[in-house]
Amino acid sequence: MGSDDIEAAVGDKNNGKPPTSRAGRNLPAALAVGLGLGLSLIAILLFVPKVFIGVVGVAVAVATWEVTKRLREADVLVPRIPLLVGGQAVFWLGWPFGADGVLGAFAATALVIMVWRLFDHGLTTAPKNFLRDTAIALFTLTWIPLLASFATLLLLEPDGNLRVLTFMILVVCSDVGGYVAGVLFGKHPMVPAISPKKSWEGFCGSLVFSVIGGLLTVTLLLEANSMIGVVLGVGLVVVATLGDLIESQVKRELGIKDMGTLLPGHGGIMDRLDSMLPSAFVSWLVLSALL
């Protein structure tokens, strides 16, 4: 459940039905799944941090499959095999080769996508919608595997498991702050044309919770200057909110509610990663520069 749905969560007291959000989600199931995933990831990061790379790699593959499936249902013929295989290369090559491996794999995959789409109907038939489909495929490659690769790069830094844990805690703080302020005070829609239930009050709540979370986690977990936590908290609220809005607009254009159905109460894996992906990049950027 993204922050947009969390902010809209309210109880359904009619006919003894399970509480749902205004977006129509099963709230108890969403909370149970979210808590289970969160505790599992915390345990992995604290005790077997390298396993986190494998977990995120699987999530990247599933999210890429979900998005390409939805795009193809809308007759956007993105090259699925290059996106899946090349996306894994973009993500995994960050482990042995760092940013150079990510960049090289991204450039190679982008080239393969362009050539694949050019000739996917054979040598005697000109492709239709080549520019549109290729551009959307490159957008997908950037949106999921490239941004996810920064989680790996962050993990490989000194105390990387604690850095990853910090950014994940702050995204949760942003979600919870948006929920509390949105439910209690939300009256002014933020971007009603894209996401009618996201309010400015919820955004302010996200800022307060995330800045407090940043102060505490950067000071206690990373033992660094608390002002870095303020910078990180503000940055993550901005990009997490934008991540939610980007996915909302993509789903709006595709005419769908969720990217998938794998996670009860949340939708698909991509519906859970929408705010995490840009947050991984900003966390890597801020912590690499300031720590």
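The protein chain has an accessible surface of about 13,400 Å², and carbon and sulfur atoms account for 72% of that area. The model is a predicted one. The chain holds 291 residues, of which 49% count as buried.

Its secondary structure consists of 11 helices and two strands. Read from the N terminus, the order of elements is α-α-α-α-α-α-α-β-β-α-α-α-α. When contacts between residues at least 6 apart in sequence are considered, 68% join residues at least 24 apart.

The chain-level values are listed below.

| Property of the protein chain | Value |
|---|---|
| Accessible surface | about 13,400 Å² |
| Share of accessible surface from carbon and sulfur atoms | 72% |
| Share of the 291 residues that count as buried | 49% |
| Share of contacts (residues at least 6 apart) that join residues at least 24 apart | 68% |

One surface feature is a nonpolar patch made of Leu35, Leu39, Ile42, Leu46, Phe47, Val48, Val51 and Val55, which together have about 730 Å² of accessible area. Two helices, α2 (27-47) and α3 (51-73), each supply at least two residues of this patch. The largest share comes from α2, with five residues.

Leu46 is one of the residues of the nonpolar patch and lies in helix α2. Is Leu46 buried, partly exposed or exposed? Leu46 counts as partly exposed because its relative accessibility is 44%, and the partly exposed class lies between the buried limit, under 20%, and the exposed limit, over 50%.

Methods:
Residues are numbered from 1 along each chain as its sequence is written. This is a predicted model: local features need pLDDT of at least 70, side-chain atom pairs count only at pLDDT 80 or more; totals for chains, interfaces and linings use all residues. Side-chain values use heavy atoms; hydrogens and water are left out. Helices (H or I, at least four residues) and strands (E, at least two) are DSSP runs, numbered from the N terminus. Buried means under 20% relative accessible area, exposed over 50%, partly exposed in between (1.4 Å probe, protein chains only). Contact means heavy atoms within 4.5 Å. Accessible areas come from the Shrake-Rupley method with a 1.4 Å probe; for residues, only the protein chains shown count as cover. Patches are made of residues with over 30% relative accessible area and no salt bridge: like charges are joined within 9 Å, nonpolar side chains (Val, Leu, Ile, Met, Phe, Trp, Tyr) within 5 Å. A salt bridge is a side-chain nitrogen of Lys or Arg within 4 Å of a carboxyl oxygen of Asp or Glu.
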